[in-house]
Amino acid sequence: QSYQALYEASGVDAVVAEMVRLRKDIEAQVCGCIFLGDFANESTAKRTLVGEVEGAIGALVGAMRAHEDKSSVQTAGCWALGHVASHDTTNRTLISEAGGLGSVVRAMQAHKDDIVLQTNGCWALVGVAAHNAQFRQRFVADQGIAAVVGAMKKHKEIGYIQEFGCRMLGHVAVDCAANRVRIAKDGGIGAVLGAMQSHQDDIKVQEYGCWALGSFADDDSNRTRIAEDGGIKAVVLAMRAHRERSKLQAYGCRMLGYVATDSTSNRTRIGEDAE
């Protein structure tokens, strides 16, 4: 009988206990991560329960730490952490305190060619860290910016990676000048522009691309680079192509407003690209 069948007949407590007992067993860890992720995804109450069961989040992070060379464990772990963190502030805190952000970043760094892992990793990072300033800084300290930018550049054709990457980088740039500089240094501006250029019909990529560029543009040097690298044109095209998307329009106006600040040449370029 497979671990998956055994786990499905058990409760969260029993699954966590087995994951801890069978830490070296790859199949046990993969099936355990999948079970906990599925369970958390079923309802808000079940997601909360996973966080309340002693050792559950630690078991997920522990599985990833014990098998960093196994992409199957890393993929399942990222996927589970993303579901456990979704819309749950307490679980996000528990994941961050258990070192989950670092585990996700290391997984992405170690398995750069694995599209599913990279997708799950970007998604998990958004779920855990995007909406908390302290967690965002932990993500940056764990070299998360380079991991996300690397995923976006390597897998340009995958819309979900581009969407989640834009979302994460945009949030990391908010209210932190040092992060905005770091994003530019690590190639984040080019990654976002590349996403928008490659996925012009993907509303989410365009929306979060405008959002991210607006967050980056709250910095003098970034405004110049965005304008020089075609950011104004990319945002104008997105706004024209998706006129019905109020959030995209708001993000686009915000970005163009920042880029126009204290720059005659940028204001001229906005006028030219809008024609």
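**Note on helix packing in a predicted model**

1. Helix 8 is mostly covered, with eight of its eleven residues buried. Buried here means under 20% relative accessible area, exposed means over 50%, and partly exposed lies in between (1.4 Å probe, protein chains only). Helices (H or I, at least four residues) are DSSP runs, numbered from the N terminus. The buried residues of helix 8 are Gly100, Leu101, Gly102, Ser103, Val104, Val105, Ala107 and Met108. Their cover includes helix 5 (56-66), helix 6 (71-85), helix 7, helix 9, helix 10 and helix 11, where contact means heavy atoms within 4.5 Å.

2. A word on the basis of this note. The model is predicted, so local features need pLDDT of at least 70 and side-chain atom pairs count only at pLDDT 80 or more, while totals for chains, interfaces and linings use all residues. Residues are numbered from 1 along each chain as its sequence is written, and side-chain values use heavy atoms, with hydrogens and water left out.

3. Which residues of helix 10 are buried? They are Phe135, Arg136, Phe139 and Val140. These four cover an arc of only 145° around the axis, which puts them on the same side of helix 10; the arc is that of the directions from the helix axis to the C-beta atoms. Gln134 and Ala141, on the other side of helix 10, are exposed. The cover over the buried residues of helix 10 includes helix 7 (89-97), helix 8 (100-110), helix 9 (115-129), helix 11, helix 12 and helix 13 (177-185).

4. Helix 10 (residues 133-141) packs against helix 12 (residues 159-173) at an angle of about 110°, with the axes 10 Å apart. Axes are lines fitted to C-alpha atoms, for helices over the stretch in contact, and angles run from 0 to 180 degrees between N-to-C directions. The two helices are therefore roughly perpendicular to each other, a term for angles of 65 to 115 degrees (under 35 is roughly parallel, over 145 roughly antiparallel, and the rest oblique). The crossing of helix 10 and helix 12 is left-handed: the near helix is turned anticlockwise from the far one by less than a right angle. Arg136, Phe139 and Val140 in helix 10 meet Met168, His171 and Val172 in helix 12. By class, this contact has four nonpolar residues, one polar and one charged. Ala, Val, Leu, Ile, Met, Phe, Trp, Tyr, Cys and Pro count as nonpolar, Asp, Glu, Lys and Arg as charged, and the others, Gly among them, as polar.

5. Helix 11 (residues 144-154) and helix 14 (residues 188-198) pack at about 35°, and their axes are 9 Å apart. Helix 11 also passes helix 14 in a left-handed crossing. Val149, Met152 and Lys153 of helix 11 make the contact with Gly188, Ala191, Val192 and Ala195 of helix 14. Five of these residues are nonpolar, one is polar and one is charged.

6. Most residues other than glycine have a negative phi. Gln143, in the loop between helix 10 and helix 11, has a positive phi near 70°. Gln143 is partly exposed, with a relative accessible area of 37%. Asp175, in the loop between helix 12 and helix 13, has a positive phi of about 60°. Asp175 is exposed, at a relative accessible area of 74%.

7. Not counting residues up to four places away in sequence, Asn91 touches Arg47, Thr48, Gly51, Ile57, Val84 and Ala85.
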